[in-house]
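Reader: I am new to this structure and would like to go through it step by step. Please show it before we start.

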Amino acid sequence: MKIEKKHRHGFVPALIVLVVLSFISLFPLALVILNSFKTHVEILQNPLSLPTKMHFGNYAYSWGVGKFAEGFLNSFKLSGTAIIVGVVASSSMGYVLATRKIAAWKALTFYFMMATTVPLQMFMLPLYSTFTRLGLIGNVYAVGATIAAWNLPMPIFLMRTYFLKIPKEVEEAAKIDGASIWQVFRYVVMPIASPGMITVASIIGLFSWNEYLLSSTFLQSEKNFTATLKFLSLNGTFSRDFSVIMSGAVIMVFPMVVVFLLLQKKFIEGMTGGAVKG
Amino acid sequence: MKDTNKIKESKLPYYLLSIPAVALSGFIILVPGIQTIYAAFTKWNGISPHKTWIGLENFRQLFGDWVFWQSVKNNCLWALFFLVIPVTLALLVSVLMSYHKVGNKSFQIFYLIPYLLAPTTNAIIWLNMIFSPNAGLIGFLQKVGWDITSPLGNRSTALFGVAAVDIWHYWGFLTVIFFAALRQTPKDQIEAAELEGANGWQMFRSVYFPNIFSTVRLMMILILIYSFMTYDYIYLLTSGGPAHATEVLSTYSYTMAFSAFKFGKAAAVSLVIGLLGGIAAIFYTFFSKNEELV
């Protein structure tokens with residue numbers, strides 16, 4: 001009786017819906033983990049059965065044949081470039097849009113608003129042609145910068161809201177004390193804006209790590225493949241060995257989940273920042 | 001004179017701070033974007049710098065091609081699926097989460113995990129573990145006697161199969177956004193409605209929904225825009241097949257550019273994607289400008 005009173009009407013049905021949907025979200029991933037410890041034949045017999053023996057060796061084998069070391073290194077280079085370029089460009093532009101000291105702020109705001117939703121297809125083909133001429137096809141850094149440019153508008157507006165939180169008086173006081181704009185930017189503005197920069201970095205990192213269309217088009221030749229592309233080609237070459245593919249999938253999923261659990265606040269803030277005005 | 005000069009702050013640093021973003025977006029988005037518009041009216045193989053002006057010929061060919069119309073139709077269906085299924089689901093679940101209050105942090109994490117994984121990873125997992133007739137769940141159910149086949153192999157169900165995977169990966173993200181918006185519902189409104197004995201539907205209609213309406217509207221416009229550019233899951237799961245059953249404008253354009261090297265015609269398709277998305281983008285700019293431009 002007491003327990004029933006504590007919970008509101010409809011508590012149990014709501015819980016059931018939420019749990020069922022959690023199951024649907026996680027079920028394919030649970031199957032992957034389960035089967036990553038099994039042999040190919042075991043998986044074929046029954047994908048739902050528990051492994052009779054834990055074949056941890058599947059992981060080492062997948063890691064080797066999938067050339068994941070090279071793939072992760074390329075992913076780090078690509079995402080690192082995207083993060084640095086994206087954070088620098090979005091925070092400096094966000095500051096300009098927040099302070100409104102130059103007349104072009106309206107035009108720039110409008111341009112970046114329109115660019116928020118520009119389809120990749122609108123610029124990819126001529127860019128591919130230009131990159132070919134410049135010898136940048138297969139260059140992970142160039143692709144990282146491209147992904148940063150494509151995903152620039154949302155970080156700009158996110159940074160702008162951070163800069164707007166800085167009290168005008170603090171900036172003015174620093175200027176009266178004779179600080180240059182650079183000193184104000186470096187010592188007054190940046191410390192307040194740095195949580196925003198971490199959010200922007202997490203979001204750009206996530207997008208660039210997972211990106212498929214640009215990377216698969218621009219990173220031709222296997223040695224330049226990011227981890228996601230390595231896994232795709234592993235899936236192509238080992239399509240007859242499910243244990244390799246499943247342990248490869250865990251290699252792809254596991255780091256992402258760990259990073260997410262560590263940075264979940266930042267990720268969620270970055271995702272909701274564009275749509276929910278806090 | 002001297003005094004005003006002193007007070008008047010130099011604008012140069014602000015221009016300098018604009019350079020990284022303007023240069024980056026200018027070289028990578030704006031200039032190639034304009035080139036795409038021009039290329040749509042030319043014959044171009046994508047490799048040679050030479051483009052031959054052919055006027056509206058690319059569009060004339062597109063409008064006469066049934067695959068183009070099939071793609072437009074699929075993009076529209078895609079938009080419809082996404083505007084109905086994930087939006088309804090996310091509204092329902094985010095309201096349930098707000099109402100339920102227990103374990104929300106965990107639910108949020110569970111629902112978001114598929115969204116965090118790369119499309120390649122998710123597609124491979126579904127192809128092998130769910131749809132595969134050998135090792136997947138469907139294959140297993142077949143073996144134990146169910147009458148079930150992979151939806152991807154059938155012309156009439158392939159689009160649903162692909163959309164199911166994309167919705168599986170996407171809906172949690174929408175739920176988290178709606179949930180964040182719902183949490184900003186003023187407490188006194190909720191308490192007042194509860195005191196008056198409002199039931200679940202009444203709570204939703206007169207308390208929660210009005211508070212998250214602008215977020216829902218913005219997300220629906222974004223979904224509409226993204227529906228016209230959708231590519232990853234379709235290309236990874238079916239490559240537009242079987243027999244163009246899941247072809248969308250982006251896969252159509254991609255194949256045209258990188259298999260047939262008809263970059264001009266592919267640019268024309270890109271322009272159609274850009275125009276369809278652009279119409280929705282005007283609404284997006286209109287509804288969010290109140291926040292950014294004042």
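Reader: Into which domains is chain A divided?

Author: This is a predicted model, in which local features need pLDDT of at least 70 and side-chain atom pairs count only at pLDDT 80 or more, while totals for chains, interfaces and linings use all residues. Residues are numbered from 1 along each chain as its sequence is written, and chains are lettered from A and ligands numbered from 1 in the order in which they are written. Domain bounds come from an automatic or database domain assignment. For chain A this gives domain 1 (2-57) and domain 2 (67-237).

Reader: How many helices and strands does chain A have?

Author: Helices (H or I, at least four residues) and strands (E, at least two) are DSSP runs, numbered from the N terminus. In chain A the secondary structure comes to 14 helices and zero strands.

Reader: Why is helix α13 of chain A said to be largely enclosed?

Author: A residue is buried if 20 or more other C-beta atoms lie within 10 Å of its own, exposed if 12 or fewer, and partly exposed in between, with C-beta atoms placed from the backbone. Among the buried residues of α13(A) are A:Phe231, A:Leu232 and A:Lys230. Helix α13 (residues 227-237) of chain A is largely enclosed by the rest of the structure because its buried residues number eight of the 11.

Reader: Is A:Thr161 buried, exposed or partly exposed?

Author: A:Thr161 belongs to helix α9 (residues 153-164) of chain A. Because it has 17 other C-beta atoms within 10 Å, A:Thr161 is partly exposed.

Reader: How many residues of chain B are in contact with chain A, and of which classes are they?

Author: Two residues are in contact if their C-beta atoms, placed from the backbone, lie within 7 Å. On chain A, 82 residues take part, and on chain B, 80 residues. Ala, Val, Leu, Ile, Met, Phe, Trp, Tyr, Cys and Pro count as nonpolar, Asp, Glu, Lys and Arg as charged, and the others, Gly among them, as polar. By class, the side of chain B that touches chain A has 53 nonpolar, 22 polar and five charged residues.
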